[in-house]
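I opened this model to see how its chain is put together. My notes follow in the order I looked things up.

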Amino acid sequence: MVRKNDYLTKVDQYVGAKIYNLRLAQGYSRKQLSELINVSNQQLHKYEIGINRICLGRLMMIARALSEDVKYFYEGVGEYTNSKSLKVSDVKYKHQRLCIE
């Protein structure tokens, strides 16, 4: 049985929120991005909400598909994990979805 680690859970949620924000900002649907990185829609959703941890290789595929550097996904993670008041929703809904067709 896997032990739950609050710090790692917060990191997973933070990275997932950054993927979600970037995906929406670039106009990709979940289906489009999941096809680009060769995972199911459900798996990408689990990455985005922080249920499943993303291995480095997969994160590199996501970064390439979204034309971003891998370090983008970790920028600001220290502030988020050390803060008692920040919630994942503060990160996740920072950018609003304008239009996806």
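**Confidence first.** I am working from a predicted model. The protein chain averages a pLDDT of 83. I found that 78% of the residues score at least 70. Over residues 93–101 the pLDDT is below 50. Beyond near neighbours in sequence, that stretch has eight contacts in the model.

**Overall make-up.** I counted secondary structure next. The protein chain has six helices and zero strands. Read from the N terminus, the elements run α-α-α-α-α-α. The chain holds 101 residues, and buried ones make up 37% of them. I also checked how far the contacts reach along the sequence. Of the contacts with a separation of 6 or more, 64% join residues 24 or more positions apart.

**The core.** Which residues touch the most other members of the largest nonpolar core? I got I19, I62 and F73, in a core of 21 residues. Helix 1 (6–25), helix 2, helix 3, helix 4 (56–65) and helix 5 (77–82) each supply at least two residues. Helix 1 gives the most, with five residues.

I followed I19 further. Leaving out residues up to four places away in sequence, I19 touches L33, L44, E48, I54, L59, I62, L66 and F73.

**Helix 1 against helix 3.** I looked at this packing next. The two helices pack at an angle of about 120 degrees, and their axes are 5 Å apart. From helix 1 the contact uses D12, Q13, G16, A17, I19, Y20 and R23. Helix 3 answers with L44, Y47, E48 and I49. I sorted these residues by class: six are nonpolar, two polar and three charged.

**Helix 2 against helix 3.** I then turned to the neighbouring pair. At what angle do the axes of helix 2 and helix 3 cross? I read roughly 100 degrees for helix 2 (residues 30–37) and helix 3 (residues 41–49). Their axes come within 9 Å. With that angle, helix 2 is roughly perpendicular to helix 3, because 65 to 115 degrees counts as such. On the helix 2 side, R30, K31, L33, S34 and I37 make the contact. On the helix 3 side I listed N41, L44, H45 and E48. By class, this contact has three nonpolar, three polar and three charged residues.

**Positive phi.** I checked the backbone for residues other than glycine with positive phi. N38 has a phi near 65 degrees. N38 sits in the loop between helix 2 and helix 3. Is N38 buried or exposed? N38 counts as exposed, because its relative accessibility is 64% and the cut-off for exposed is over 50%.

I placed S67 in the loop between helix 4 and helix 5. S67 counts as exposed, at 64% relative accessibility.

Last, I looked at K10, which lies in helix 1. K10 counts as partly exposed, at 21% relative accessibility. How many residues separate K10 and T81 in sequence? I noted 71 residues in sequence, against 6.1 Å in space, C-alpha to C-alpha.

How values were computed. Residues numbered from 1 in each chain as written. Predicted model: local features only at pLDDT ≥ 70, side-chain atom pairs only at ≥ 80, totals over all residues. Heavy atoms only, no water. Axes fitted to C-alpha atoms, helices over the stretch in contact; angles between N-to-C directions. Helix = DSSP H or I, 4+ residues; strand = E, 2+ residues; numbered from the N terminus. Parallel < 35°, antiparallel > 145°, perpendicular 65-115°, else oblique. Contact = heavy atoms within 4.5 Å. Nonpolar A, V, L, I, M, F, W, Y, C, P; charged D, E, K, R; others polar. pLDDT = per-residue confidence, 0-100. Core = buried A, V, L, I, M, F, W, Y, C linked by side-chain atoms within 4.5 Å. Buried < 20%, exposed > 50% of the residue type's maximum accessible area, 1.4 Å probe, protein only.
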